[in-house]
Amino acid sequence: MADISARSWLLLSVTYLAYVCIYCARKPFAVAKTSIKDDLGVADGQLGLIDTVLLATYAVGQLSLAHAVRRFGRRWTLVLAFALSGAATAAFGLCSSAPAMMAAWGAAGLFAAPASPLFSTLVGEAVPDAVRGTVLGVWSSCENLGGAVANSIAASALGGGWRRV
């Protein structure tokens, strides 16, 4: 992979780290469910719906991605996605009811949706055709690493309550 430029390596590294961070924002919910249930009295079914809302809005966000990219461009769409997803995730931590959590978590899913397809596009365009499949295959491991890192951080922070996660 010597024919990959230094700039492309930098892009690969930054997008890899950024996607690991995205997982650190959304994955800890799975670790915190029991604590949320105990602290707020949220029912199991409501916890399942909170998860479902995230996934559904994530799908809607990916389907509407083309419109956002046409309107704002790829880079600004990513900047907006990170800022708004981060704000929605922070808002989730302030919620005290299942409906409010569904709204915040749904917004987080909607705004996080552009990251994966846009990062894949940017990475794919940054490397030569001959190594594109290999690079994208290696790059996609950020999802697994992000999940592992996120769960580890969440599990270690959970002792301070679910809002710390």
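Helices here (H or I, at least four residues) and strands (E, at least two) are DSSP runs, numbered from the N terminus. With that in hand, here's the quick tour: this is a predicted model, where local features need pLDDT of at least 70, side-chain atom pairs count only at pLDDT 80 or more, and totals for chains, interfaces and linings use all residues. Residues are numbered from 1 along each chain as its sequence is written, and side-chain values use heavy atoms, with hydrogens and water left out.

**The overall picture**

- Of the 165 residues, 36% count as buried; buried means under 20% relative accessible area, exposed means over 50%, and partly exposed is in between (1.4 Å probe, protein chains only).

**The largest pocket**

- A pocket is found on a 1 Å grid over the protein atoms alone: it is an open set of points where a 1.4 Å probe fits, with protein on both sides within 12 Å along at least five of seven lines, and its lining residues have an atom within 4 Å of a point.
- The largest pocket holds about 420 Å³ of space; for such a volume, grid points are joined across faces, edges and corners, and the space filled by probe spheres set on the points is taken.
- There are 15 residues in its lining, and Arg7, Leu11, Thr15, Arg75 and Leu122 are the ones nearest the centre.
- Helix H1 (6-26), H5 and helix H7 (115-126) each give at least two residues to this lining, with H1 providing the largest share at 6 residues.
- Sorted by class, the lining has 9 nonpolar, 2 polar and 4 charged residues; Ala, Val, Leu, Ile, Met, Phe, Trp, Tyr, Cys and Pro count as nonpolar, Asp, Glu, Lys and Arg as charged, and the others, Gly among them, as polar.

**The second largest pocket**

- Next comes a pocket with a volume of about 270 Å³.
- Its lining is made of 14 residues, with Ala68, Thr77, Leu110, Phe111 and Pro114 nearest the centre.
- Helix H4 (65-72), H5 and helix H6 (98-112) each supply at least two of the lining residues.
- The class count here is 10 nonpolar, 4 polar and no charged residues.

**A nonpolar patch on the surface**

- Phe72, Trp76, Val79, Leu80 and Leu84 make up a nonpolar patch on the surface, and together they have about 470 Å² of accessible area.
- Patches are made of residues with over 30% relative accessible area and no salt bridge, joining like charges within 9 Å and nonpolar side chains (Val, Leu, Ile, Met, Phe, Trp, Tyr) within 5 Å.
- The areas themselves come from the Shrake-Rupley method with a 1.4 Å probe, and for residues only the protein chains shown count as cover.
- Helix H5 (residues 74-94) brings the largest share of the patch, 4 residues.
- Leu84 lies in helix H5 and is partly exposed, with a relative accessible area of 36%.

**Salt bridges**

- Side chains of opposite charge can pair when their charged atoms come close.
- A salt bridge is a side-chain nitrogen of Lys or Arg within 4 Å of a carboxyl oxygen of Asp or Glu, and a search of the whole structure finds 4 of them.
- One of them joins the side chains of Lys33 and Asp51 (2.6 Å, N to O). This pair links distant parts of the chain, with Lys33 in helix H2 (residues 28-40) and Asp51 in helix H3 (residues 44-63), 18 residues apart.
- Lys33 is partly exposed at 23% relative accessibility, and Asp51 is partly exposed at 23%.
- Another salt bridge brings together Arg74 and Glu125 (2.9 Å, N to O). Arg74 sits in helix H5 and Glu125 in helix H7, so the pair ties together parts that are 51 residues apart in sequence.
- Arg74 counts as partly exposed, at 30% relative accessibility.
- Asp129 forms a salt bridge with Arg132, their closest N and O atoms being 2.7 Å apart. Both lie in helix H8 (residues 129-139), 3 residues apart, about one turn of the helix.
- Asp129 is exposed at 63% relative accessibility, whereas Arg132 is partly exposed at 27%.

**A buried cysteine**

- Cys142 has its place in helix H9 (residues 141-157) and counts as buried, at 0% relative accessibility.
- Cys142 and Trp9 are 133 residues apart in sequence and 15 Å apart in space, C-alpha to C-alpha.
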